[in-house]
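Hi there,

Here is the structure I promised to pass on. Have a look at it first, and then read my notes below.

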Amino acid sequence: MMKLISQRQAINIVITLLSAVLVFHIMVLTGVIPYAIVWAGKISTAAEMRKLEVISILVNAFSIIILLLRANYIKNKLPFKILNAIIWLLVVLFSLNTIGNLFAESQFELYFFTPLTLISAILCLRIVIDKKLK
């Protein structure tokens, strides 16, 4: 079943999803989107939101860069094993985030981000199961 989507397609989809999530978190940080619908609905102050949103933005940007490197969209000399190890960490991160989203107080987070993080975990798993990019 995992072979239905090529490794390159999986990388492109995850980069697209993470880019959209990055824009979403920038919109939360700038107040365009209310922060009550993120972080399981448990943020109580704007200062707390800013701190968590900056962390989220940095993690998403880092993840995008790792995937761009893994796909050789950005030429690099990082060892394949290091890139794959980081993508394995993304599999774990997205899996744990999926579980956390199941307990979110925000309906938006529950119904929108739960499937999004689950799909991201599966796609990252797809990326790391092949040794070389095809």
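**How the helices pack**

α3 and α4 are roughly antiparallel to each other, a label used for angles over 145 degrees, with under 35 degrees counting as roughly parallel, 65 to 115 as roughly perpendicular and the rest as oblique. Their axes come within 8 Å and cross at roughly 155 degrees. Here, axes are lines fitted to C-alpha atoms, for helices over the stretch in contact, and angles run from 0 to 180 degrees between N-to-C directions. α3 passes α4 in a left-handed crossing, meaning that the near helix is turned anticlockwise from the far one by less than a right angle (clockwise would be right-handed).

On the α3 side, the residues in this contact include W88, F94 and N101, and among their partners in α4 are E109, F113 and C124; contact means heavy atoms within 4.5 Å. The residues of this contact divide into 13 nonpolar, 8 polar and 1 charged. For these classes, Ala, Val, Leu, Ile, Met, Phe, Trp, Tyr, Cys and Pro count as nonpolar, Asp, Glu, Lys and Arg as charged, and the others, Gly among them, as polar.

Before going on, a word on the source. This is a predicted model, in which local features need pLDDT of at least 70 and side-chain atom pairs count only at pLDDT 80 or more, while totals for chains, interfaces and linings use all residues. Residues are numbered from 1 along each chain as its sequence is written, and side-chain values use heavy atoms, with hydrogens and water left out.

The mean pLDDT (the predictor's confidence in each residue, from 0 to 100) is 91 for the protein, and 96% of its residues reach 70 or more.

The axes of α2 (residues 46-70) and α3 (residues 80-101) come within 10 Å and cross at roughly 135 degrees, which makes α2 oblique to α3. α2 also passes α3 in a left-handed crossing. F62, I66 and R70 are among the α2 residues in this contact, and F80, I87 and L93 among those of α3. By class, the contact has 11 nonpolar, 2 polar and 1 charged residues.

How do α1 and α2 run relative to each other? Their axes come within 9 Å and cross at roughly 160 degrees, so α1 is roughly antiparallel to α2. The crossing of α1 past α2 is left-handed, and their contact has 16 nonpolar, 6 polar and 3 charged residues.

Best wishes

Conventions:
Helix = DSSP H or I, 4+ residues; strand = E, 2+ residues; numbered from the N terminus.
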